[in-house]
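Subject: Structure handover

Hello,

Here is the structure for you to look over. My notes on helix packing and domains follow.

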Amino acid sequence: MGQIKSIGVLTSGGDAPGMNAAIRAVTRTAIYNNLNVVGIKRGYYGLVYNEMEAFSSKSVSNIIQQGGTILKTARCKEFATKEGRAMAYANMKAMGIDALVVIGGDGSLTGARIFAEEYDIPIVGLPGTIDNDLGGTDETIGYDTALNTIVEAVDKIRDTATSHERLFLVEVMGHMAGYLALNGAIASGAEAAIIPEMETEIDQLGDLINRGFRKSKNSAIVLVAENPSTGGAMGLAQRIKEEFPEYDARVTILGHLQRGGSPTAADRILASRMGAQAITALLEGQRNVMIGIKNGELVYVPFSKATHHSSTIDRHDVEIVKILSI
Ligand code: F6P
């Protein structure tokens with residue numbers, strides 16, 4: 001492998017608060033180490049269709065506090081094909097890029113793994129997703145901000161739930177993971193979290209109704225993780241209508257509200273540390289790894305492990321929601 005002189009940076013998949021802080025850290029750490037930096041637009045799309053620009057330290061000024069991503073992002077279908085990746089490689093070489101930093105979630109890092117294997121390119125990934133659903137890391141960039149957004153929204157919904165004595169089903173994102181729902185429930189004092197990880201073990205809705213709402217509570221807030229197989233909050237509301245018609249249930253879907261906003265201090269710090277480490281990793285000769293964080297320490301996680309998410313939901317946290325909502 002030749003010496004790395006120039007790196008490309010891109011954001012891909014769903015945007016997440018803190019991506020800009022990560023771009024800033026990658027760019028400035030690279031420049032500090034005398035590397036050239038190329039900003040690639042719209043994720044892999046910019047590689048395939050040659051939308052790139054040389055970055056200076058100034059290109060990333062005044063962005064640490066901004067949500068979204070200045071590089072823009074996309075889910076690029078062309079990059080999933082061999083032909084698309086061949087175009088991407090040709091453009092990358094023509095631009096003189098020796099290595100890539102890819103900031104994104106599951107799909108983006110899977111793309112990075114395939115590209116790196118096919119063309120023997122050094123790539124380092126950063127976990128950028130609100131879902132917190134990547135393997136080998138305790139947290140992903142954007143998760144903390146999304147959690148705080150959820151808490152702020154639920155605090156407001158509680159006023160109406162209490163005043164009208166209603167059951168509110170608040171649907172949150174998470175892809176197929178329940179972290180946002182579970183920890184959002186703990187942080188907002190919700191009565192329950194309905195998460196995909198528990199789906200096959202227990203009828204979570206029936207349990208909630210019998211456990212608390214039927215007996216003592218006049219109002220309740222339930223955080224429901226999006227889930228195509230149950231229909232999410234809408235699906236559960238339909239079930240309530242049919243099985244427990246005595247309850248006046250309402251649905252709020254927080255949707256893309258959760259992806260926006262200025263990143264929290266925790267996300268800015270995480271993104272800055274991880275972004276700087278991505279360059280250190282490349283200079284150390286690391287490749288095909290994602291920067292993760294375990295017990296406060298930055299770690300290198302092979303792409304294959306990062307994208308192989310096995311549920312690490314802590315059952316104790318599920319119990320905590322129940323205990324604290326008696
Ligand atoms: O991965 C982030 C995420 O927000 C998921 O939580 C959600 O399932 C998905 O992206 C939504 O994607 P889109 O913005 O393409 O609708």
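In helix 5, Y143, A146, L147, I150, V151, V154, D155 and R158 meet Y179, L180, N183, G184, A187 and S188 of helix 6. Contact means heavy atoms within 4.5 Å. By class, these residues are nine nonpolar, three polar and two charged. Nonpolar covers Ala, Val, Leu, Ile, Met, Phe, Trp, Tyr, Cys and Pro; charged covers Asp, Glu, Lys and Arg; the others, Gly among them, are polar.

This is a predicted model: local features need pLDDT of at least 70, side-chain atom pairs count only at pLDDT 80 or more, and totals for chains, interfaces and linings use all residues. Residues are numbered from 1 along each chain as its sequence is written, and side-chain values use heavy atoms, with hydrogens and water left out.

Helices are DSSP runs (H or I, at least four residues), numbered from the N terminus. Axes are lines fitted to C-alpha atoms over the stretch in contact, with angles from 0 to 180 degrees between N-to-C directions. Angles under 35 degrees count as roughly parallel, over 145 as roughly antiparallel, 65 to 115 as roughly perpendicular, and the rest as oblique. The crossing of helix 5 and helix 6 is right-handed (the near helix is turned clockwise from the far one by less than a right angle).

Next, helix 3 (residues 82-94) and helix 4 (residues 106-119). Their axes come within 11 Å and cross at roughly 70 degrees. The two are therefore roughly perpendicular. This crossing is right-handed. Helix 3 contributes K82, R85, A86, A88, Y89 and M92; helix 4 contributes I114, F115, E118 and Y119. That contact has seven nonpolar, no polar and three charged residues.

Helix 1 (residues 19-32) and helix 9 (residues 265-283) cross at roughly 35 degrees, with axes that come within 7 Å. Again the crossing is right-handed. A21, A22, A25, V26, T29 and A30 of helix 1 meet R268, A271, S272, G275, A276 and I279 of helix 9. The classes are eight nonpolar, three polar and one charged.

Now the domains. Domain 1 is 6-142 + 263-306 and domain 2 is 144-259; the bounds come from an automatic or database domain assignment. Their centres, taken over C-alpha atoms, are 33 Å apart. Domain 1 puts 15 residues into the contact and domain 2 puts in twelve. The buried area is about 1,100 Å², with 51% from carbon and sulfur atoms. Buried area is the accessible area (1.4 Å probe) that two parts lose on being put together, summed over both.

Best wishes
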